[in-house]
Amino acid sequence: MNINSQQLQDKARQIQDNVLPQIDEARRNLEDLNARTVSFIRANPGTCLLGAVAVGFIIGRIASRR
């Protein structure tokens, strides 16, 4: 039973070693996307507001049909 337990621990470490870098990369990508989005919104608040109103209107029209 000890061998099986050791194999499971080794497999868990391998998975952790493979997954953690991917999680870190995904976090960095999301932080970059967030920074670019915030920058775009700050540079174009009117465009973003009009876009949000348009999307809200479309969603409202779709929802009112039901």
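**Legends to close-up views of the predicted model**

View 1. R27 pairs with E31 in a salt bridge whose closest N and O atoms are 3.2 Å apart. The structure shown is a predicted model. Both R27 and E31 belong to helix α1, where four residues, about one turn of the helix, separate them. R27 has a relative accessible area of 41% and is therefore classed as partly exposed, since that class lies between the limits of 20% and 50%. E31, at 45% relative accessibility, is likewise counted as partly exposed.

**View 2. The R36–D32 salt bridge.** The side chains of R36 and D32 come together in a salt bridge, with an N to O distance of 3.2 Å. Because R36 and D32 are four residues apart in helix α1, about one helical turn lies between them. R36 is exposed, its relative accessible area being 52%, as the exposed class begins over 50%. D32, by contrast, has a relative accessible area of 40% and is partly exposed.

**View 3. The R13–D10 salt bridge.** In this view the side chains of R13 and D10 form a salt bridge at 3.4 Å, N to O. R13 and D10 are three residues apart in helix α1, so the separation is about one helical turn. R13 is partly exposed at 45% relative accessibility, and D10 is partly exposed at 35%. The count for the model comes to three salt bridges.

View 4. I23 has 48% relative accessibility and so counts as partly exposed.

**View 5. The annotated span, residues 43-63.** An unreviewed UniProt entry carries the annotation "transmembrane region" for residues 43-63. In the predicted model this span is 95% helix and 0% strand.

**View 6. The whole chain, as context for the close-ups.** The protein contains two helices and zero strands. Along its principal axes, the C-alpha trace spans about 65 × 35 × 10 Å. The radius of gyration is 23 Å, whereas a compact globule of 66 residues would have a value near 11 Å. Of the 66 residues, 0% count as buried, because that class requires a relative accessible area under 20%. The protein exposes about 6,200 Å², and carbon and sulfur atoms supply 60% of this area.

Technical notes: Residues numbered from 1 in each chain as written. Predicted model: local features only at pLDDT ≥ 70, side-chain atom pairs only at ≥ 80, totals over all residues. Heavy atoms only, no water. UniProt positions renumbered as here; feature names shortened; annotations may be inferred. Buried < 20%, exposed > 50% of the residue type's maximum accessible area, 1.4 Å probe, protein only. Rg over C-alpha atoms; globule rule 2.2 N^0.38 Å. Areas by Shrake-Rupley, 256 points an atom, 1.4 Å probe, with all protein chains shown as cover. Salt bridge = Lys/Arg side-chain N within 4 Å of Asp/Glu carboxyl O.
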